[in-house]
Amino acid sequence: MFGCLVAGRLVQTDPVPVAADKFVFHVADYENVNHVVVFMLGTVPFPAGTGGAVYFSYPDPASGGAVWQLLGFITNDKPSAIFRISGLTAGEGAAHPFGSSPCPSVAQVGVSVEALGLLAQQTPVSGAAAATADSFAQFAQKTLDSLYNFAASFAVTQAHMTPNPTETFIPSSCVLKWYQNFQRRMSQNPNFWKT
């Protein structure tokens with residue numbers, strides 16, 4: 001029903017059932033994992049009105065027990081999701097009915113089949129969502145604004161310019177034109193810079 005993929009490793013398609021509606025995948029050497037992908041195999045859909053809450057568990061160094069954190073969910077309409085686990089911190093999780101990890105050096109990815117209404121009410125741990133084109137567009141916009149504001153802070157009128165043969169001057173209108181062109185291209189296609 002489910003699969004789990006960790007970059008650089010084989011796909012896991014055999015979760016360990018811990019209850020009729022709860023399944024876990026073991027993730028060894030979790031300290032070196034940045035992202036996990038959880039997906040439906042396409043062979044068995046979720047029962048009507050349900051989806052899968054995706055959790056991540058790692059051993060808590062203080063207590064030795066498992067810390068479970070909600071990453072997000074998958075459904076029949078959204079059959080896969082990428083989650084960033086490298087930035088998760090201790091103390092943001094809670095106990096969960098998946099139980100504890102059998103080995104202190106192994107983390108777990110859990111999928112709990114739950115009602116869609118319940119999934120919509122749950123709040124994933126902050127920082128679990130993978131970067132999206134929208135977050136990249138926001139980053140690019142902030143970078144553009146910062147560059148333009150920085151360059152504009154050095155602007156002087158031609159009357160106030162002191163001739164200096166070792167300096168190269170760029171008209172602020174050129175920087176503004178580049179800024180506007182970059183914004184336009186980003187709004188048309190956030191991935192234009194890849195070509």
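**A nonpolar pocket and an open sheet**

Sorted by class, the lining of the largest pocket comes out as 12 nonpolar residues, one polar and no charged ones. Here Ala, Val, Leu, Ile, Met, Phe, Trp, Tyr, Cys and Pro count as nonpolar, Asp, Glu, Lys and Arg as charged, and the others, Gly among them, as polar. The model is a predicted one, so local features need pLDDT of at least 70 and side-chain atom pairs count only at pLDDT 80 or more, while totals for chains, interfaces and linings use all residues. Residues are numbered from 1 along each chain as its sequence is written, and side-chain values use heavy atoms, with hydrogens and water left out.

Back to the pocket: 13 residues line it, and Phe154, Ala155, Ile170, Pro171 and Ser172 lie nearest its centre. A pocket, on a 1 Å grid over the protein atoms alone, is an open set of points where a 1.4 Å probe fits, with protein on both sides within 12 Å along at least five of seven lines; lining residues have an atom within 4 Å of a point. The largest pocket holds about 330 Å³ of space, the volume being what is filled by probe spheres set on the points, which are joined across faces, edges and corners. Helices α2 (133-152) and α3 (172-188) each supply at least two lining residues, and the largest share, four residues, comes from α2.

Zooming out, the protein chain has three helices and eight strands. These are DSSP runs numbered from the N terminus (helices H or I, at least four residues; strands E, at least two). From the N terminus on, the order is β-β-β-β-β-β-β-β-α-α-α.

Five of the strands form an open, antiparallel sheet in the order β2-β3-β8-β5-β6. Its edge strands, β2 (16-19) and β6 (66-74), each pair on one side only; pairing takes at least two DSSP bridges between two strands. Strand β5 (residues 50-59) pairs with β6 in the antiparallel sense over eight bridges, and Val54 stands opposite Gly72 in β6.

Strand β5 also contains Gly51. This glycine is buried, with a relative accessible area of 0%, where buried means under 20% (1.4 Å probe, protein chains only). Leaving aside residues up to four places away in sequence, Gly51 touches Phe46, Ile74, Thr75, Ser112, Val113, Glu114, Leu116 and Leu119, a contact being heavy atoms within 4.5 Å. Gly51 and Glu114 sit 63 residues apart in sequence, yet their C-alpha atoms are 5.6 Å apart in space.

Technical notes:
Buried means under 20% relative accessible area, exposed over 50%, partly exposed in between (1.4 Å probe, protein chains only).
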